Amino acid sequence: MRLSRFFMPTLKETPSEAQIASHRLMLRAGMIRQSSAGIYSWLPMGLKVLKKIENIVREEMNAAGCNEVLMPTIQPADLWRESGRYEDYGKEMLRIEDRHGRDMLYGPTNEEQITEIFRASVRSYRDLPSNLYHIQWKFRDEVRPRFGIMRGREFLMKDAYSFDIDHESSKSAYNRMFVSYLRTFDRMGLKAIPMKADTGPIGGDLSHEFILLAETGESEVYCHGDYLDFDVPPDGIDYDGDMQSIVDKWTSLYAVTDEKYVAEEFDAAVPEDKRLHTRGIEVGHIFHFGTKYSEAMGATVLDQEGNATHLQMGSYGIGVSRLVGGIIEASHDDDGIIWPEAVAPFHIGLINLRPGDDATDAACEDLYEKLGNAGVDVLYDDTDERAGGKFAKMDLIGLPWQIVIGPRGLKNGIAEVKNRASGIKEELSLDETLNRFTG
RNA sequence: CGGGGGGUAGCUCAGUCUGGUAGAGCACUCGGCUGGGGGUCGAGCGGUCGCAGGUUCAAAUCCUGUUCCCCCGACCA
C-alpha cells in the first residue's frame, strides 16, 4: 500500500479526551475515531489490526473443534423473558421497539440466542459434545465508558458456548477452551495469565479470567512470577488428548485479581522474590454455568437411557476489540506503538526519503514491488513530507520493520533497516535487504 | 447514578472574571529557501463561539434551560 493513497489521518497532537496510552495512540495513529461516548469508527489502520486479531481467534477456535456461526445483534425480548434476564439485566441493556411495537434489544451477550438455536435442533446425546461460537458486535450501555476502545459500549467479542451431556464432559469442554486461550493470546505476542475469577451464585472452580499484565490495566492483580516463563501448548496440539495436566499446571500457582486477593494467602503461596503485584487487563473469561439456561429455556437431549436431560453449558468470551487496546498497552514506548508481528497492520514501512530523486524512486519502487510479489505486506511512504515527519509517523504507527532509502545511503548502494521494537538499525545492500524479508 | 471539569478553526488551546469588529500555534493551500528525526520565510483558506430562550443599543462573555464530551467514584466482558 502506498501511503499517498492510504487513508491514515494521523495526529501530531494528542486529542484532549484520551487519557491512557492505547487510546491516545490509537487516535494519533489514525486507527479509530470516536462517534459518541464508548462508540468508535474503525479506520483502515485500526481495522487491519482488528481483523488480524479476529482471525487468530478464529483459527484457534476452529483448531479446538468449535463451529463458527453468526447470530444477530438485534434480539427479540421474548427470548430474554424466558431466561428471566430481560427484567434482571437493567439499564445496561439497550432496549429498542420496532415499528410493530415489539420489544427488541441490542444483544449484550448471546446465551439465550444460542440456547434457542441448540434446543430447536439437537435431540440426542449423540450430537454432543458441541461448541458453537461467533464473533459479533455487542452493546452494553455502560454508565461510564472509558479508556477508548478498551471499555466501550459497543465492542467486538468472540463468544463460544459449549453443550455437554454431563458435568464431567462439560469440564473437558472447559479445559479445551482453557488451552485454546493460552495459545490464542500467545500467538498475539501476549502474556495472558489465567486467574481465578468469581463464579457467582453457581459456584465451583470452573471460571477463569485471562489477564494481560500491563501497568495501565484497570484492576490490580497478584500472581506468581513463574507464570511468565510457562510453556504454552504447541501448534497442532491434540484437543482430544490430555488437557487436564496442562490446566493443572497453569492453575498450580497463585494468580488472582484484587477482588479475590488475600494478603496472607499471597504471602504464604508465593516466595517473596516471585511475588508479582501489578495491574491487568481482562481479555478473556471462561465460565461453566451448568444448566442455568437449559433449565430456564427447556433445552434437553435424550441420554443413553432415553431420559430427557438438561444440557450442561459453558460460555467463553474473548474481547476482540479490547485486545487491540490491550496489545498497545503492553507494547508501546514514548514514540508510539510497537506491534507484535502477528497482529501488525503491515509488516514493513518503506520510507522514501527523497521522492522525485530518480535513483531513490527507482530503488524504492523496485523493492516495494519485489516485496509485494513475495507476499510481504508493505506500507510504502512515497509522500514528499520531510524526513523527520516520516520517521516520526512511522515510529508512531509502530510497524515491526522500517526500511529507509535515501540519496545519501544509495550512493553506496545501502538501505537502512530498523527494528521498531529494539531500535537497532542495520545498513544493508538493497539485495540483502530484500533477502532479509523474503529469504 | 453521585462528585468535578469542559464544548471557541481539522488538532492543542487563549479570550469569558470586567459585554464593544473572534485570536494564536500546529495542520491544510500557494510560492521561496531547504532536504536523514515532525525545518524555515511569505501569502492564503478555514468559525451559526454546543443548542434554545432571556437581559442589553450591543452577548463567545451576563442570566435560565437543555444537550454532548471528559475525569474521579460506584458499577462492569
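Is the crossing of helix 2 and helix 10 right-handed or left-handed? In this predicted model, the crossing is right-handed.

**Figure 1. Helix 2 crosses helix 10 at roughly 115°.** Two packed helices are described by the angle between their axes and the distance between the axes. Here helix 2 spans residues 44-63, and its axis comes within 9 Å of the axis of helix 10. Angles of 65 to 115 degrees count as roughly perpendicular, so helix 2 and helix 10 are roughly perpendicular to each other.

**Figure 2. Side chains where helix 2 meets helix 10.** Helix 2 contributes Val49, Leu50, Ile53 and Glu54 to the contact. From helix 10 come Val320, Ser321, Leu323, Val324 and Ile327. Sorted by class, the residues of this contact are seven nonpolar, one polar and one charged.

**Figure 3. The largest pocket and the residues at its centre.** The volume of this pocket is about 1200 Å³. Its lining is made of 44 residues, and those nearest the centre are Arg140, Met157, Glu209, Glu282 and His285. By class, the lining has 16 nonpolar, 13 polar and 15 charged residues.

**Figure 4. Helices and strands around the largest pocket.** Which strand gives the largest share of the lining? Strand 13 does, with eight residues; this strand covers residues 275-290. Other strands that each supply at least two residues are strand 8 (154-164), strand 10 (207-213) and strand 16 (312-319). Helix 4 (85-88), helix 9 (292-296) and helix 10 (320-330) also each supply at least two.

**Figure 5. The largest cavity.** Rolling a probe the size of a water molecule over the atoms shows where empty space is left. How many cavities of 30 Å³ or more does a search of the whole structure find? The search finds two. The largest cavity has a volume of about 50 Å³. Ile20, Phe147, Met150, Arg151, Thr216, Gly217, Glu218 and Ile281 line this cavity. Four of these lining residues are nonpolar, two are polar and two are charged.

**Figure 6. The second largest cavity.** This cavity has a volume of about 30 Å³. Its lining consists of Gly38, Tyr40, Trp42, Trp137, Ile149, Glu154 and Ser321. The classes here are four nonpolar, two polar and one charged. Ser321 also belongs to the contact between helix 2 and helix 10.

Notes: Residues numbered from 1 in each chain as written. Chains lettered and ligands numbered in written order. Predicted model: local features only at pLDDT ≥ 70, side-chain atom pairs only at ≥ 80, totals over all residues. Heavy atoms only, no water. 1 Å grid on protein atoms, 1.4 Å probe; cavity = no way out; pocket = protein on both sides within 12 Å on 5 of 7 lines; lining within 4 Å. Points joined across faces, edges and corners; volume = space filled by probe spheres on them. Helix = DSSP H or I, 4+ residues; strand = E, 2+ residues; numbered from the N terminus. Nonpolar A, V, L, I, M, F, W, Y, C, P; charged D, E, K, R; others polar. Axes fitted to C-alpha atoms, helices over the stretch in contact; angles between N-to-C directions. Parallel < 35°, antiparallel > 145°, perpendicular 65-115°, else oblique. Left-handed = near helix turned anticlockwise from the far one by under 90°. Contact = heavy atoms within 4.5 Å.
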